[in-house]
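This report is intended for a reader who is new to the structure. Please examine the sequence and the model shown here before reading on.

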Amino acid sequence: VLIGFFLFLVMMGVGGCGSDKTAVLPSYAQHYEETKSRYTVGQSKGMAQDLAVVPVAEATDYTFSYNVKAALAVNEDTKDVLLSYHAFDRVYPASITKVMTALLTLENGNFEDKVTLTHDITFNEGNVVRSMLKKGDTVTVEGLFNALLVASDNDCAVILAEHLAGSVENFVSMMNERAKELGATHTHFANTNGLHDANHYTTPYDLYLIFKEAATHDRFLNTVGQKDYNLEY
C-alpha cells in the first residue's frame with residue numbers, strides 16, 4: 001500500500017507528561033462552529049473534508065505492550081486513521097515544536113535574507129543541541145531553517161523567531177494563533193524549540209494538523225528528507 005503521508009507520533013516516557021481529558025469534545029466542536037463559515041457553502045463535510053478525523057470514541061483503539069504515551073498514524077492519501085492511541089491526550093511535544101517554527105518561517109520568511117546575530121543565544125539548561133553561532137555571525141534564513149529541522153539546533157529556532165517577529169515572545173504568539181487557525185485547539189506553545197516548559201503542550205491530533213499543513217510545502221519535505229546538513233555562516 002502506497003501511503004503518501006504517514007504520521008506516527010509517539011510520546012514515550014517524558015517525565016511529567018500528564019493527560020487532560022476534560023472538555024476535549026466541546027473545544028474541537030466549538031472551533032468547528034466558530035470557523036465553519038469560512039468554508040464554501042454546500043461542502044457537505046465542512047472543515048473536516050480534507051482531514052483524517054478521529055472519533056472520540058475511537059481515540060484509544062489500540063493497545064501497546066510497551067511504554068508509549070500517545071500515538072497517531074494517518075494515511076493522508078485516503079484520510080484513514082491507521083492507528084490511534086490517546087490521540088487527544090495532552091503531551092509535551094519536545095522538538096516536534098520546530099515543525100510549527102518551520103511552518104511560520106515558510107509562511108512569513110524570505111529564505112535569502114541574511115541575519116546577523118546581535119547577541120549570543122544562551123539557555124538555562126545544559127546539553128542543549130545548538131549550532132554554536134555567536135554574536136556577530138551572519139547566516140541566511142535558509143541556513144537557519146535547514147539547521148533547525150535537520151540538526152534540531154535550538155538556537156536557530158530563537159534566531160528565526162527574533163528575525164521574523166522581533167522577539168521570541170511575539171513569535172510564540174504567532175505560533176499559538178496559527179495553531180488555532182489550523183484547529184489545533186488543545187495546543188499551547190511557550191517557546192519556539194520545545195525545551196521543556198509546563199505550559200508548553202499539545203496533543204497527537206493537533207500535531208497531525210500542524211504537520212499536515214507543513215507538509216504542503218515542498219521545501220519542508222525536501223529539508224526533513226536530508227540526512228545531514230552543514231551550516232555555512
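Predicted model: local features only at pLDDT ≥ 70, side-chain atom pairs only at ≥ 80, totals over all residues.

In soluble globular proteins, nonpolar side chains tend to be buried together. Here the largest nonpolar core comprises 35 residues, and M100 and L144 have the most contacts inside it. Two or more residues each are given to this core by helix 2 (98–108), helix 3 (141–151), helix 4 (154–165), helix 5 (168–181) and helix 6 (204–214). Helix 4 provides the largest share, with 7 residues. Beyond its neighbours within four places in sequence, M100 is in contact with M175, R178, A179, L182, F189 and I210. There is also a second, separate core of 11 residues, with A52, L72, V74 and Y205 among them.

**Aromatic rings**

The structure contains 4 aromatic pairs. Two of these pairs are set out below.

| Pair | Centre to centre | Angle between planes | Arrangement |
|---|---|---|---|
| Y205 and Y208 | 5.6 Å | 45 degrees | tilted |
| F211 and F220 | 5.6 Å | 80 degrees | edge-to-face |

Y205 and Y208 are both buried; they lie in helix 6, 3 residues apart, which is about one turn of the helix. Ring pairs also join F88 with Y205 and Y208 in a cluster. In the other tabulated pair, F211 is partly exposed because its relative accessible area is 22%, whereas F220, at 1% relative accessibility, counts as buried.

**Charges over rings**

R90 is positioned over the face of Y201, 3.7 Å from the ring centre. The charged end of R219 lies over the ring of F111, at 3.9 Å from its centre.

Notes. Residues numbered from 1 in each chain as written. Heavy atoms only, no water. Core = buried A, V, L, I, M, F, W, Y, C linked by side-chain atoms within 4.5 Å. Buried < 20%, exposed > 50% of the residue type's maximum accessible area, 1.4 Å probe, protein only. Helix = DSSP H or I, 4+ residues; strand = E, 2+ residues; numbered from the N terminus. Contact = heavy atoms within 4.5 Å. Phe/Tyr/Trp six-rings, centres within 6.5 Å; stacked < 30°, edge-to-face > 60°. Lys NZ or Arg CZ within 6 Å of the ring centre and 35° of its normal.
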